[in-house]
Amino acid sequence: MPRISAASNAEQRAETQRRILTAFGELLFTHGLPGLTMTDVARHAGIGRTAVYNYFADIEELLISYALDETEKFLSDLRDALERLENPVDRLALYVRAQVVDLSRRHLPPGPAMGAVLSPSSFAKLSDHVGELSVLLQGILRDGMEQGYLPVADVGQQSQLILGTLSSSAARGSDEPAELEARVARTVRFIQLGAGARFDAGGRPIRVAQLPAVAS
């Protein structure tokens with residue numbers, strides 16, 4: 001019998017874990033979290049229920065692993081896309097669009113609801129990771145204010161208001177492409193205008209002020 005190398009064994013474990021996370025994500029999309037069991041996930045992944053427990057102790061651990069994995073991939077892709085844009089108002093639009101689409105399609109419970117289904121330690125772990133999204137948004141807002149494209153405001157409070165609006169927008173309506181696109185466009189413009197952005201006749205962002213001091 002051929003020996004199984006450590007490398008191939010690690011690859012097999014990684015592939016199995018990926019199958020479990022993918023199956024969980026698909027079930028979360030089609031059926032939602034309430035009533036979802038490890039048996040459901042194992043059946044959908046095409047592996048034994050015992051094998052799932054070799055990777056995740058329970059649904060809570062599986063949920064937090066899935067959420068962290070998805071958030072990490074989303075953050076990486078979002079940062080890459082933002083780096084290709086220079087104007088902070090355009091970057092704000094991209095951030096809003098990406099967040100609404102992602103939240104609408106992933107069907108993860110919003111922050112407060114996650115707090116109700118996760119233990120305090122698991123929720124804290126997720127909150128730390130998701131906090132990176134807030135930091136990213138605050139950086140965009142701060143750049144906009146420093147460059148004069150947004151009026152000076154409290155960055156922390158403004159980011160909280162924007163994140164709340166994103167969750168609300170994502171929770172309303174269907175994922176049908178035309179409806180989702182219309183909802184995303186409305187949300188983008190609502191948040192841009194709410195943050196104080198202004199545009200010329202061609203729809204390009206214009207400077208509204210030259211104020212170097214930005215509230216933290």
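Author: Leaving aside neighbours within four places in sequence, Ala23 is in contact (heavy atoms within 4.5 Å) with Val41, His44 and Ala45. This is a predicted model, in which local features need pLDDT of at least 70 and side-chain atom pairs count only at pLDDT 80 or more, while totals for chains, interfaces and linings use all residues. Residues are numbered from 1 along each chain as its sequence is written, and side-chain values use heavy atoms, with hydrogens and water left out.

Ala23 belongs to helix H1 (residues 6–31); helices are DSSP runs of H or I with at least four residues, strands are runs of E with at least two, and both are numbered from the N terminus. Ala23 counts as buried because its relative accessibility is 3%, where buried means under 20% relative accessible area, exposed over 50% and partly exposed in between, with a 1.4 Å probe and protein chains only. Although Gly46 is 23 residues apart from Ala23 along the chain, their C-alpha atoms are separated by 8.9 Å.

An unreviewed UniProt entry lists residues 37–56 as "DNA-binding region"; its positions are given in the numbering used here, its feature names are shortened, and annotations may be inferred rather than shown by experiment. In the model, the span of residues 37–56 is 65% helix and 0% strand, and its end C-alpha atoms lie 12 Å apart.

Elsewhere, Val96 is in contact with Leu166, Thr187, Val188 and Ile191, again leaving aside neighbours within four places in sequence.
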